[in-house]
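Hi,

Here is the structure for you to open alongside this email. My notes on its salt bridges follow below.

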Amino acid sequence: MMKLKLISTLIIGSLLSGCGSDSKDTPPPPLPEVPDRSVGWDYIETPYMEFSDEGLKGVVFSAFGKVDDKALKWVYGYSDRPDAGTDTNGDGAVNLHDLPVDVFNTLVDGSPVTPYDSVDVAEMRRVLASNPDGLGAGTSRPDVFIDGNYSVFDLLRYFAATRDDMQFDEGSIIHYSDSKFGTFEFSFSWDYNGDGDFTNDGIYSNSANWHFTNNQSGGKYDVWPSRSTGAYNYERMDTYWLRPSAEIRFMPFSDTMTKRRQWVYQQEVKRFEESDGEFVIPYVQYQNLATGQVEVFAENLKVKAFDIRSDVFQKGQITIMDVWLTLAHEHGMDFRLSYWPTMSSGAKVNSFALSTDPITGTYGGYVAGAPLWGELAHQGDFDQHPQCNFGLDGTPDGEGRLTEQECISEWLLFSNGQNELAGSLLLPYPKQMISQVGPMDTTYMKVVDEIDLLASPGKTTNVYITDHNLQSADIIQGYDQGDKEAAVLRRQYAAEEPVGNAPILDENHFGWKIADCNQCHNEEKNPLGHGGHSWPTNYADGFDFTQPHYCATCHGNNGATDNHNRGTRCYWCHNNEGDMTVHNHGDIGTNWIIPEDELLVGKRKFTYNPSGVGIDGRPIEHKDISHNINSDYNFSRTFPAPYSCLTCHK
């Protein structure tokens, strides 16, 4: 995991939850004076940080072999089985939980799907440092990556150098500087049957069709529905940033898939050449998924490199992040970004996400993901119902068409095949289009309602009080309340002026900046406070125990740092497991085992966090899950997020 040197203290409130408010006029907080700080930081809501130059560390995961995604074909009705695409479990939805027991993914020859193996990055770095293939000591693209960082192509080089059953075919490598596609071209062989002969392994022998699929780090829940296949893409293997804990599958595709990908490359190279080497993107836009309308932010946008990730990319390299920063800095548009660290789930994101655009304002929940990008002509290629409306040579007007079976075998996906954040994806050549999309319907992904206290400061949540947590009373239908007491969570505001005789705490307070008042002010320790009685308890809303954020309504926020324009899902980063571990915040520092019977919405099993997907394409049911006390299932009794967070971290 990349080490970060924080220049200003990262706040406790709700850093990088992926959600926020509609307050478009709220400027970012003032930034410290830092020599050579990129002006791009003026549009980043996360406090300024310096990234180390230590490069890739830890492990990455890899697999080989072409997958027959029988599970996904069954879900979308492309299987020849009569029960395909039916709600077999009667929960009102058709998904992987409906799969018959005899439907599972295999390799294309019917053998079991090869699992992902871990690769020790330190060993990979050691091998590549010796320049085993003459393509470079370290990365093969030193023009793109800072020393210590690597591409997916570099990972394939490592396997060719260390495995006796894999090789680049002799004389097949074309250097990226000599390629009309602007990338390394090669033919690769895998001795799949292990007989020592590289010429008799079918699709794996002497093939120029090898490419990769990817899933980024999913954390302990391993949630990707495309886990066995990986997400298909049209990215260049030698400029695609290899990130910690990524899952990379190498496989040969069809001739048509390769030609389609190369057609995309040719459009990008041609566009760059026609602009005299300037990085110009013809269309930057917003696509409304509900209405189908498209609003153009800019045409023929000349993108500037802001070099935010100078620890990874060489100076002058362009990422999607630079597109949004160009619109903000050069054209005065309200685009802002946030940095997502290693999340509380263990997912190693460590990248920037777009958090605000001029149309939707700040994003709520899961909507801080990547936009669409590429050629306008290929936006419908990877889909739940792919059309493959292009010729067998990959061009829009080429002759011939793939059969439906051939099309779905390589273009059928849960999504469009792109799961990158704005700061992760390098653009070696200008795309024809970058498009932010929204609004997103994410109700199927969560149990608790979306609570964004900046967008809706009057929001309230009804809860049941248990011995360990607060449980939502608004969402779970048919829940047995039993003898649980009911209460209401609402936004409270920390006092800024004295309230009655209550002093506003300052740096002279012996507990200055310690959030949990109960650590010192309780019935067993001195100083008791309040004379040992009349504790500040929010009886009016149904609580009969002390909650420190309620204390703040009279005594102020006790030195809490400012918020960073986020008003929900604070626990994604701020709890007891991620980079942003929270101290002195009561039971936020604990995990809670959420029983299976609480992972239900109506009759439907909650299928996002508690249910990952196995290598065979079948869901992995979790009987219970360990999660922070603040979660998509319940709230902390004493520090319920985001209500308690927004009280002090204003």
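K315 and D307 form a salt bridge, with their closest N and O atoms 3.4 Å apart. This is a predicted model. K315 is exposed, at a relative accessible area of 73%. D307 is partly exposed, at 23%.

Salt bridges can also share partners. E45, D334, R336 and R566 are joined that way into one network.

How many salt bridges turn up in the whole structure? The search finds 26. Two more of them are worth a look on your screen.

Start with R141 and D238. Their side chains meet in a salt bridge, 2.8 Å from N to O. R141 sits in the loop between α2 (121-129) and α3 (152-162). D238 sits in the loop between β9 (210-215) and β10 (247-252). The pair therefore ties together parts that are 97 residues apart in sequence. Buried or exposed? R141 is buried, with a relative accessible area of 6%. D238 is buried too, with a relative accessible area of 1%.

Then go to R260 and D381. Here the side chains meet in a salt bridge at 2.9 Å, N to O. R260 belongs to helix α4 (residues 255-274), while D381 lies in the loop between β16 (372-374) and α6 (404-411), so this pair ties together parts that are 121 residues apart in sequence. Both R260 and D381 are buried.

In short, the R141 and D238 contact joins two loops, and the R260 and D381 contact joins a helix to a loop.

Best wishes

Methods: Residues are numbered from 1 along each chain as its sequence is written. This is a predicted model: local features need pLDDT of at least 70, side-chain atom pairs count only at pLDDT 80 or more; totals for chains, interfaces and linings use all residues. Side-chain values use heavy atoms; hydrogens and water are left out. A salt bridge is a side-chain nitrogen of Lys or Arg within 4 Å of a carboxyl oxygen of Asp or Glu. Helices (H or I, at least four residues) and strands (E, at least two) are DSSP runs, numbered from the N terminus. Buried means under 20% relative accessible area, exposed over 50%, partly exposed in between (1.4 Å probe, protein chains only).
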